[in-house]
Amino acid sequence: MAAKRKLAREDWADAALEALCEGGVAAIAVEPIAAKLGTTKGSFYWHFANRDALVEAAVRRWVEQDTEALIALLDGISDPVRRLRELFELVFGAKDEERAELALLAHAGDPVIGPLLAEVTARRVDFIVRCFREMDCPEAEARHRGLLAYTAFIGLIQAQRASGGTLLSSAERPDYLEFLRGIITR
């Protein structure tokens, strides 16, 4: 018989994030996640003081994977125009990532999720604004362009959900992306 793998805090956070994507914040429940991981509640309490700590760890895992890792990758591109182009292609092209984004936005009022979502929103907008400043945009214009880019992303994924995914087809997405990039970077 194979030995059981010892679960890490990240395993719990990943499972909790998946539960959030599938069923909202209410789906982050210790017993069902423990069963999915093939362990007991004792493993949970080894890593976390309470459920809120697990929710926070799940959101921080999302921040690490979907914001900090992306910014670190893009910061390796010295040309801010190319950096923004890559950002648009990665973010607007990543439909799988939208599940977590939508689930978290739906729970922006949650006392654990809300503050972390506010932090990541500010971090993302600041990154985009920095790109525009590096393109020699005046501060106010860089801020407006950064806000437009970010709200276009959030608005698109919300509108796609509201339309059942029919608002913008996969075939139309590249042309829309090019149009949007042209408007924002003009």
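Asp 136 sits in the loop that joins α7 and α8. The helix labels come from DSSP runs, where H or I over at least four residues makes a helix and E over at least two makes a strand, numbered from the N terminus. Asp 136 is not a glycine, yet its phi is positive, at about 70 degrees. Most residues other than glycine have a negative phi. With 70% relative accessibility, Asp 136 counts as exposed. On that scale, buried is under 20% relative accessible area, exposed is over 50%, and partly exposed is in between, using a 1.4 Å probe and protein chains only.

Before going on, the ground rules. This is a predicted model, in which local features need pLDDT of at least 70 and side-chain atom pairs count only at pLDDT 80 or more, while totals for chains, interfaces and linings use all residues. Residues are numbered from 1 along each chain as its sequence is written, and side-chain values use heavy atoms, with hydrogens and water left out.

Now the overall picture. The protein chain has nine helices and zero strands. Its C-alpha atoms fill a box of roughly 60 × 35 × 35 Å, taken along the principal axes. There are 186 residues in the chain, and 42% of them count as buried. Taking contacts with a separation of 6 or more, 66% are between residues 24 or more positions apart. Contact here means heavy atoms within 4.5 Å.

Next, a pair of helices. Packed helices are described by the angle between their axes and the distance between the axes. Helix α1, residues 9–23, packs against α6 at an angle of about 75 degrees, and the axes are 8 Å apart. The axes are lines fitted to C-alpha atoms, for helices over the stretch in contact, and the angles run from 0 to 180 degrees between N-to-C directions. So α1 and α6 are roughly perpendicular to each other. That word covers 65 to 115 degrees; under 35 is roughly parallel, over 145 is roughly antiparallel, and the rest is oblique.

Which residues meet there? From α1 they are Glu 18, Leu 20, Cys 21 and Glu 22, and from α6 they are Arg 99, Ala 100, Ala 103 and Leu 104. The residues of this contact divide into five nonpolar, no polar and three charged. Nonpolar takes in Ala, Val, Leu, Ile, Met, Phe, Trp, Tyr, Cys and Pro; charged is Asp, Glu, Lys and Arg; the others, Gly among them, are polar.

On to the largest pocket, with a volume of about 380 Å³. Of its 20 lining residues, Asp 66, Leu 70, Leu 87, Val 91 and Arg 124 are the closest to the centre. A pocket is an open set of points on a 1 Å grid over the protein atoms alone, where a 1.4 Å probe fits, with protein on both sides within 12 Å along at least five of seven lines, and lining residues have an atom within 4 Å of a point. The volume is the space filled by probe spheres set on the points, which are joined across faces, edges and corners. At least two lining residues come from each of α4 (51–75), α5 (80–93), α6 (98–106), α7 (113–134) and α8 (139–162). By class, the lining has 13 nonpolar residues, two polar and five charged.

Setting aside neighbours within four places in sequence, Pro 80 contacts Cys 131, Glu 134 and Met 135. Not counting residues up to four places away, Glu 86 touches Leu 74 and Ile 77.

In α7 we have Phe 132. Is Phe 132 buried or exposed? Phe 132 is buried, with a relative accessible area of 0%. Beyond neighbours within four places in sequence, its contacts include Leu 84, Ala 142, Arg 145 and Ile 184.

Last, the loop between α6 and α7, which holds Ala 108. Ala 108 is partly exposed, at 41% relative accessibility. Leaving out neighbours within four places in sequence, Ala 108 is in contact with Gly 114 and Leu 117.
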